[in-house]
Amino acid sequence: MADRAPFRPALIVVDFQEDFCPPHGSLAVKDGRDITETVNKLLALPFVLKVATKDWHPPDHISFASSHANKQPFTDSVMIKNPLNTAETYESRLWPVHCVQGTTGADLVPELHLTQIDKVIEKGMDKRVEMYSPFYDPFNEPRGSDSGLAGILKEKEISDVYVVGLAADYCVKNCAVDAAKEGFKTFIVEESTRAVDPDGWQDCKEEIKAMGVEIVNMKSPEVQRLMTAF
Ligand code: VGL
Ligand code: ZN
């Protein structure tokens, strides 16, 4: 029988930042701060690599409703063009101003056990593009910015990627889907994420699963195996 690749898991904590959390976040996700306990439990486990990502926008980022005339956050959208090919476009939802570089809203929450994190990746710095995924922007013809995250995971010979953080239906989803596309066995740990639109989360989960990501919980064998030697 062929040798199985060794189990070399990585944890990615997505955008666990003040602006995505109650009580003061400008784009607070309902119960967002409640993921703290399980995120920190996961951070105590022997992952080969633990990464935190930060949404890290300039003040005039394209995803802010305030960057456009007569647009409202949450309800309105805007057409975003690939800066390298203006024929490649899509409609993207607009948000309140959030995670502006250097502001307290962009801080990782102080409850997060930051000393356990090996690497912090910032994303969304190009004001012309939205970047939910910490791997790269959503364009394909040609691909624009690449954070180098896939290369880092490959260099460490990571086999499995566990994704947690905020928000489940945006950055966590896009991070996990890109990890799966990059060939990693990919899991979202459900207790450690919350959605911008909780009512849509069941449908969103089905969409995520259809793209090759497994949704697991803390009691699942996929998480329990991290607690024993490997
Ligand atoms: C996110 C909306 C806008 C996220 C980031 O981290 O899920 N959502 N920017
Ligand atoms: Zn953002």
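In the predicted model described here, the zinc ion (ligand 2) is coordinated at 2.0 to 2.2 Å by Asp55 through OD, His57 through NE2 and His98 through NE2, where donors are N, O and S atoms within 2.8 Å of the metal (3.2 Å for Na, K and Ca) and water is not among the atoms, so sites may look incomplete. Local features of this predicted model need pLDDT of at least 70, and side-chain atom pairs count only at pLDDT 80 or more, whereas totals for chains, interfaces and linings use all residues. Residues are numbered from 1 along each chain as its sequence is written, chains are lettered from A and ligands numbered from 1 in the order in which they are written, and side-chain values use heavy atoms, with hydrogens and water left out.

The site of the zinc ion (ligand 2) has 4 donor atoms with angles of 86 to 170 degrees among them, and is irregular. By the criteria applied, four donors count as tetrahedral if all angles lie between 85 and 135 degrees, four count as square planar and six as octahedral if opposite donors are over 155 degrees apart and all others between 65 and 115, and anything else is irregular. Along the sequence, the donor residues follow the spacing D-x1-H-x40-H. Distant parts of the chain are linked in this way, since Asp55 belongs to strand β2 (residues 49-55) and His98 to the loop between β4 (85-93) and β5 (119-123), 43 residues apart; helices (H or I, at least four residues) and strands (E, at least two) are DSSP runs, numbered from the N terminus. Both Asp55 and His98 are buried, a term that means under 20% relative accessible area, with exposed over 50% and partly exposed in between (1.4 Å probe, protein chains only).

Another histidine, His61, is located in the loop between β2 and β3 (77-82), and His61 counts as buried because its relative accessible area is 0%. The side chain of His61 reaches two backbone oxygens, that of Val129 at 2.8 Å and that of Asp126 at 3.4 Å. Beyond its neighbours within four places in sequence, His61 is in contact (heavy atoms within 4.5 Å) with residues including Ser67, Gly124 and Glu130.

The strands include an open sheet of 6 in the order β5-β2-β1-β6-β7-β8, with parallel pairing, where two strands pair if DSSP finds at least two bridges between them. Its edge strands are β5 and β8 (214-216), each of which pairs on one side only. Strand β7 (residues 185-194) pairs with β8 in the parallel sense over 3 bridges, and Ile188 stands opposite Ile215 in β8.

Helix α1 (residues 36-43) is mostly covered, with 6 of its 8 residues buried, among them Thr36, Val39 and Leu43. These buried residues pack against β1, β2, β6, β7 and α5 (221-224).

Phe7, in the segment before β1, is buried because its relative accessible area is 12%. Although Phe7 and Ile158 are 151 residues apart along the chain, their C-alpha atoms are separated by 7.7 Å. Not counting residues up to four places away in sequence, Phe7 touches Ser159, Tyr162 and Phe230, among others. Ser159 itself lies in the loop between α2 (149-155) and β6 and is buried because its relative accessible area is 17%.

Technical notes. Polar contact = N/O pair within 3.5 Å; in protein donor to acceptor, adjacent residues only side chain to side chain.
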